[in-house]
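Please keep the structure in view while reading.

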Amino acid sequence: MGIRRLTREQARRIAVRAQLLDTQRPTDLVETVRQLTLLQIDPTAAVAPSADLVAWSRLGPEYRPEQLKQALEVDRTLFELDALIRPMSDVGLYLAGAADWPTWSRIREWMQANEDFQRDIVAVIAERGPVTSRDIPDTCRVPWASTGWTNNRNVTQMLEFLMMRGQVAIAGRIGRERRWDLPERVYPSDVVVPTATEAATTKNERRLRSLGIARAKGTAVPVEPAIVGETGEPVEVEDTRGVWRVDPEALAAIDDDFTGRTALLSPFDRLIHNRVRAVELFDFEYTLEMYKPVAKRRWGYFALPILHGDRLVGKADVIADRKASVLRVNALHQDVRFTRAISKGIEAELNELATWLELSTIEQPAPAR
């Protein structure tokens, strides 16, 4: 029997369902993060912090940012590691192999040269934790050297590295500032830590379930891999090259009725985070342009991808002006010609976004182009 072949529409619907962006909205924050596997933390809040924006796009107006803080700092059903929020049920997967981190000689040599500094940090945290980096004295013997902003930021760098080795943990935040504590005071006492090989397999399975469809291999991407190894079922997708991997449960449900909706997505949303996959499956080109000069931006500082049904149809150049209590929609960029249904869906989402952000007015965009 030959390899199964999917239409691009089928592939897109698998991806949309896996990311909880069809009409069957989830109702629980922790279960949502468990399906997505992560929420990415990013300080940019032109509209809202990305983690909150991703949660809102799934859960709708019932979601409040206080729920995320509660889950992270009180209930301990979620945890933060390396600028990603994950379900606490996955913590063992990310402690697996931690003792062997890092593989990069420069970091390993710097940590070895500062073993006393490591012990000093852990001692302060054990006695006074949770603490911020500013509460920890810098007793570093060999400073961290960098041509970037981390140069000589010894406490912060060592905390980052100790976190990756599972020797400290993030207990919460005060604003954007992290509070550090001992892992045993943050993570459950009964955490099961698999071998690194077992963890890698489970991560691939979890990642494929969250993406629905992905490549087995590919180039490295920032934050989180977009590849899933040989897990799942192999398929081909029309008008694309090579073999894809599909979550078996998603493949089994491929003939189920699909009802889509309109959604405004964070630029860091996992549906579009892998730009190559977004082009292959959705014909959707996207670049986050906040680092570009204004004159070189095509879509805007923090343009929100627009999902309608199983298509990515455009970008909304939106800014939340909290001082004026206005949601400013600078432009709506059409990747496909907006039908009446698309326009109505976008209008409803913008109204819902403004209400969720507690902004009293929407400033209408210039004519779409």
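By class, 19 nonpolar, 6 polar and 13 charged residues make up the lining of the largest pocket; here Ala, Val, Leu, Ile, Met, Phe, Trp, Tyr, Cys and Pro count as nonpolar, Asp, Glu, Lys and Arg as charged, and the others, Gly among them, as polar. The model is predicted: local features need pLDDT of at least 70 and side-chain atom pairs count only at pLDDT 80 or more, while totals for chains, interfaces and linings use all residues. Residues are numbered from 1 along each chain as its sequence is written, and side-chain values use heavy atoms, with hydrogens and water left out.

A pocket is defined on a 1 Å grid over the protein atoms alone, as an open set of points where a 1.4 Å probe fits, with protein on both sides within 12 Å along at least five of seven lines; lining residues have an atom within 4 Å of a point. The largest pocket holds about 1,200 Å³ of space, a volume being the space filled by probe spheres set on the grid points, which are joined across faces, edges and corners. Among its 38 lining residues, Ile41, Glu80, Arg173, Gly175 and Arg176 lie nearest the centre. Because domain 1 (4-82 + 197-363) and domain 2 (97-185) both contribute to the lining, the largest pocket lies between them; these bounds come from an automatic or database domain assignment.

The second largest pocket has a volume of about 880 Å³. It is lined by 26 residues, and Asp82, Tyr94, Trp101, Met164 and Lys203 are the closest to its centre. Helix H9 (196-211) gives the most to this lining, with 6 residues. Helices (H or I, at least four residues) and strands (E, at least two) are DSSP runs, numbered from the N terminus.

Strand E3 (residues 78-81) is covered on both faces: Leu78 and Glu80 on one side, and Phe79 and Leu81 on the other, are all buried, that is, under 20% relative accessible area with a 1.4 Å probe and protein chains only, where exposed is over 50% and partly exposed lies in between. Strand E3 runs antiparallel to strand E4 (residues 84-87), and 4 bridges join them; two strands pair if DSSP finds at least two bridges between them. Phe79 stands opposite Arg86 in E4. In the hairpin of these strands, Asp82 takes a positive phi near 55 degrees.

Finally, Trp101 is joined to Pro102 by a cis peptide bond, with omega about 0 degrees.
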